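Biologist: Could you take me through the pockets in this structure and what surrounds the ligand? I am new to this, so please go slowly.

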Amino acid sequence: MIAVLCGGVGAARMLGGLVQVREEAEIAAVVNTGDDTVMHGLYICPDLDTITYTLSGSVNPETGWGLAGESWQAMESLERLGGRDRTWFRLGDRDLGTHLYRTGRLAEGASLSQVTAEIARAFGLGLQLLPMTDDPVRTVLRRVGGGELAFQEYFVRHRHEVAVEAVFFVGARRARPTAQVLEALERADQVVVAPSNPVVSIGPILSLPGVRELLAARRSSVVAVSPIVGGTALKGPADRLLVELGGQASPAGVAERLTEVAGSLVIDEVDAAWKKAVEAAGMRAVVAPTVMSDPGRARHLAQVVLAAGSPG
Ligand code: FO1
């Protein structure tokens, strides 16, 4: 069994490679819920939905989130009623169906894990799709000069163009990783840290009580893939956040954040010169093509990752 720590788009691509080389039933995706938000009274799980939509082949390929072939009637009606102030977070008509279903089931008393499994099954996914916790955890970012932003305000409304001086995972200390997550992380032959943002996507998962210790105890079978290639993040603010929080937008900067929980870091060929620095941070560096621009490259990276973490 393979457990994969996941954020959004990069993780969905990594999973797309892994399902080509392992039975889907053998893969457990442990997914960040710090990005989750309640919008218009609806409970929205961006990272879970990006993985569900991507693996079922229905994601909007331009954005990497939301559904392909969307219509926007509900957003247009909402804009007429409440203006742009209520519609900066774009929710397509079909995507709204997912949020209506999830919110309705949660209101009936179902856990987020139960509802997530129902949605994954409805979209034909064979892998285990596990929210990191069923408890509320929210990523909040403090701007340089003060003022706090909820994750989606930062990421979407401000297009992550504001400088950040601190990141908090509100609720993480009281939250518990689900039993299914702990079982997956304990039982997996290997754990993969997908090329997601180490600060705001992988960070929340590691902030849950017991997770960091559990992975540290088995770090030789934990393999991470650097989300920073050639000094930048392929998508999103990982490079800026690493620097703003006192680190480096480089494989060494990623290693600094993950060395306690992962024994190996796969870095892209353009970053081969960082091999020594990654090893100085205590991780084995594996150099390979890490940009998953098509399913074949994702499959190849999955093979590299599984080889790097297998015992012996
Ligand atoms: N990202 C955007 O940049 N703009 C949006 O309007 C937007 C809407 C949206 C709706 C549902 C959903 O599941 C994701 C959505 N995202 C949007 C992506 C979201 O901000 C994710 O949190 C990021 O992809 C980072 O994980």
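Biologist: Which element gives the largest share of the lining of the second largest pocket?

Modeller: Please keep in mind that this is a predicted model. In the second largest pocket, the largest share of the lining comes from α1, which supplies four residues.

Biologist: OK, switching topic: where does the ligand sit?

Modeller: The ligand sits in the largest pocket, and the space in that pocket comes to about 950 Å³. The lining of the largest pocket is made of 45 residues, and Gly 8, Val 9, Trp 65, Phe 155 and Lys 235 are the ones that lie nearest its centre. Two or more lining residues come from each of α1 (9–18), α2, α4 (93–107) and α6.

Biologist: Which of those elements gives the largest share of the lining of the largest pocket?

Modeller: For the largest pocket that is α2, with five residues. By class, the lining of the largest pocket divides into 22 nonpolar, 15 polar and eight charged residues.

Biologist: Now the ligand itself, please. Which residues come nearest to the ligand?

Modeller: There are 13 residues around the ligand, and the nearest of them are Asp 35, Pro 46, Asp 47, Arg 90 and Gln 152. In this shell, α2 (46–55) and α6 (151–157) each supply at least two residues, and α6 gives the most, with four residues.

Biologist: How many of the shell residues are nonpolar, polar and charged?

Modeller: The shell around the ligand has eight nonpolar residues, one polar residue and four charged residues.

Biologist: What is 2.9 Å from an oxygen atom of the ligand?

Modeller: An N or O atom in the side chain of Asp 47 lies 2.9 Å from an oxygen atom of the ligand. There is also a polar backbone atom of Arg 90 at 2.9 Å from an oxygen atom of the ligand. A nitrogen atom of the ligand, in turn, is 3.3 Å from an N or O atom in the side chain of Trp 65.

Biologist: And what percentage of the ligand's exposed area does the protein bury?

Modeller: The ligand taken alone exposes 520 Å², and the protein buries 88% of that area.

Biologist: One last thing, about cavities: how many of 30 Å³ or more are there?

Modeller: The count is one cavity of 30 Å³ or more, and the volume of the largest cavity is about 40 Å³.

Note on methods. Residues are numbered from 1 along each chain as its sequence is written. This is a predicted model: local features need pLDDT of at least 70, side-chain atom pairs count only at pLDDT 80 or more; totals for chains, interfaces and linings use all residues. Side-chain values use heavy atoms; hydrogens and water are left out. A residue is near a molecule or strand if one of its heavy atoms lies within 4 Å of it. A polar contact is a pair of N or O atoms within 3.5 Å; within protein, one must be able to donate a hydrogen and the other to accept it, and residues adjacent in sequence count only if both atoms are side-chain atoms. Accessible areas come from the Shrake-Rupley method with a 1.4 Å probe; for residues, only the protein chains shown count as cover. On a 1 Å grid over the protein atoms alone, a cavity is a set of points where a 1.4 Å probe fits but cannot get out, and a pocket is an open set with protein on both sides within 12 Å along at least five of seven lines; lining residues have an atom within 4 Å of a point. A molecule sits in a cavity or pocket if more than half of its atoms lie within 2 Å of its grid points. Ala, Val, Leu, Ile, Met, Phe, Trp, Tyr, Cys and Pro count as nonpolar, Asp, Glu, Lys and Arg as charged, and the others, Gly among them, as polar. Grid points are joined across faces, edges and corners, and a volume is the space filled by probe spheres set on the points.
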